[in-house]
Amino acid sequence: MAEFRIETFGLMERWTIDGELRRNALSKAMVAELGEHVARVSGPSRDVRAVVLTGAGTRAFCAGADLKERASMSPDEVRHFLDALRRTFRALELSDCVFIAFINGVAFGGGTELALACDLRVMDEAAEVGLTEVKLGIIPGGGGTQRLPRLIGRGAAKDLILTGRRVASDEALSLGLVNRVGTVEDAMHLAKMVVENAPLAVALAKHAIDDGAHLALDAALEVEQRAYEQTLGTRDRLEGLKAFAEKRPPVFTGT
């Protein structure tokens, strides 16, 4: 049975985790299928330039690990599962495609980690997020201890991780954990704004931000310069200049 419902809107897709009864939890099957979809949109064709990722229903974006499944796993099976989870989340970041999480309900543990691996996050006003693992005697294992402090700072990340507390949408926005509070339509509109831009430029800008974020400034500026150089010989750069001069929308081809 498919773990996701996939809808296509031109150069965009919406992926809905289709596990409402289990609160869209991270099962082995769900993570494996997510990896397949990420690989599909990360190829050279750029047929899909932005993905909105959300959960079925209104109660949960992704409530974290499937604890019923986890309870039956041996320690080695848990290690293998976490390896697959980390690889899949990392693939979201390394893809040229832009991923936007629409957090439509609770996102705890691995659900918050999934959202953190996306490029942008839109959160429903009634949703909650949190890295709650310490309440279960474990720690975040899908990158939460590393991505959250990089996003909101070490002190704020320790506040959330060491207490395991849940965070409402207004606090998540003020912390910078999410980009917007809104609806799935807002998330889709954000995706539309992304795909209207030159795809190579968007991908290069995404990777320049990520690759340079934790370097010293001079080294980070070199990352930006190398990325910029790759745009200079593109047809899209010339099309952008021509469209601006002609006062019309550009038609980008990704070349």
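Me: At what angle do helix H3 (residues 75-94) and helix H9 (residues 199-212) pack, and how far apart are their axes?

Reply: In this predicted model, helix H3 and helix H9 pack at an angle of about 120°, with their axes 10 Å apart. Axes are lines fitted to C-alpha atoms, for helices over the stretch in contact, and angles run from 0 to 180 degrees between N-to-C directions. Helices (H or I, at least four residues) and strands (E, at least two) are DSSP runs, numbered from the N terminus.

Me: Why are H3 and H9 called oblique to each other?

Reply: Angles under 35 degrees count as roughly parallel, over 145 as roughly antiparallel, 65 to 115 as roughly perpendicular and the rest as oblique. The angle of H3 and H9 is about 120°, and the two helices are therefore oblique to each other.

Me: Which residues make the contact of H3 with H9?

Reply: Leu-92, Glu-93 and Leu-94 of H3 meet Lys-206, His-207 and Asp-210 of H9, where contact means heavy atoms within 4.5 Å. By class, these residues are two nonpolar, one polar and three charged. Ala, Val, Leu, Ile, Met, Phe, Trp, Tyr, Cys and Pro count as nonpolar, Asp, Glu, Lys and Arg as charged, and the others, Gly among them, as polar.

Me: What makes H5 and H6 oblique to each other?

Reply: The axes of helix H5 (residues 144-152) and helix H6 (residues 154-163) come within 7 Å and cross at roughly 135°. By the cut-offs for angles, H5 and H6 are therefore oblique to each other. Among the residues that make this contact are Leu-148 and Ile-152 of H5 and Ala-157 and Leu-160 of H6. The contact of H5 with H6 has seven nonpolar, two polar and one charged residues.

Me: Why do Trp-15 and Phe-99 count as an edge-to-face aromatic pair?

Reply: Rings of Phe, Tyr and Trp (its six-membered ring) pair if their centres lie within 6.5 Å; planes under 30 degrees apart count as stacked, over 60 as edge-to-face and the rest as tilted. By this rule there is one aromatic pair. Trp-15 and Phe-99 stand 5.7 Å centre to centre with 65° between the planes, an edge-to-face pair. Trp-15 lies in strand E2 (residues 12-17) and Phe-99 in strand E5 (residues 98-103), so the pair ties together parts that are 84 residues apart in sequence.

Me: How do you know whether Trp-15 is buried or exposed?

Reply: Buried means under 20% relative accessible area, exposed over 50%, partly exposed in between (1.4 Å probe, protein chains only). Trp-15 has a relative accessible area of 0%, and is therefore buried. Phe-99, at 1%, is buried too.

Me: What makes His-37 buried?

Reply: The relative accessible area of His-37 is 13%, so this residue is buried. His-37 belongs to helix H1 (residues 28-41). Leaving aside neighbours within four places in sequence, His-37 is in contact with Phe-4, Ile-6 and Trp-15.

Me: Which residues have a positive phi, and are they buried or exposed?

Reply: Asn-24, in the loop between E2 and H1, has a phi near 55°, a positive value in a residue other than glycine. Asn-24 is buried, because its relative accessible area is 0%. Lys-247, in the segment after helix H11 (235-245), also has a phi near 55°. Lys-247 is exposed, because its relative accessible area is 79%.

Me: How are the residues numbered, and what do the values rest on?

Reply: Residues are numbered from 1 along each chain as its sequence is written. In this predicted model local features need pLDDT of at least 70, side-chain atom pairs count only at pLDDT 80 or more, and totals for chains, interfaces and linings use all residues, while side-chain values use heavy atoms, with hydrogens and water left out.
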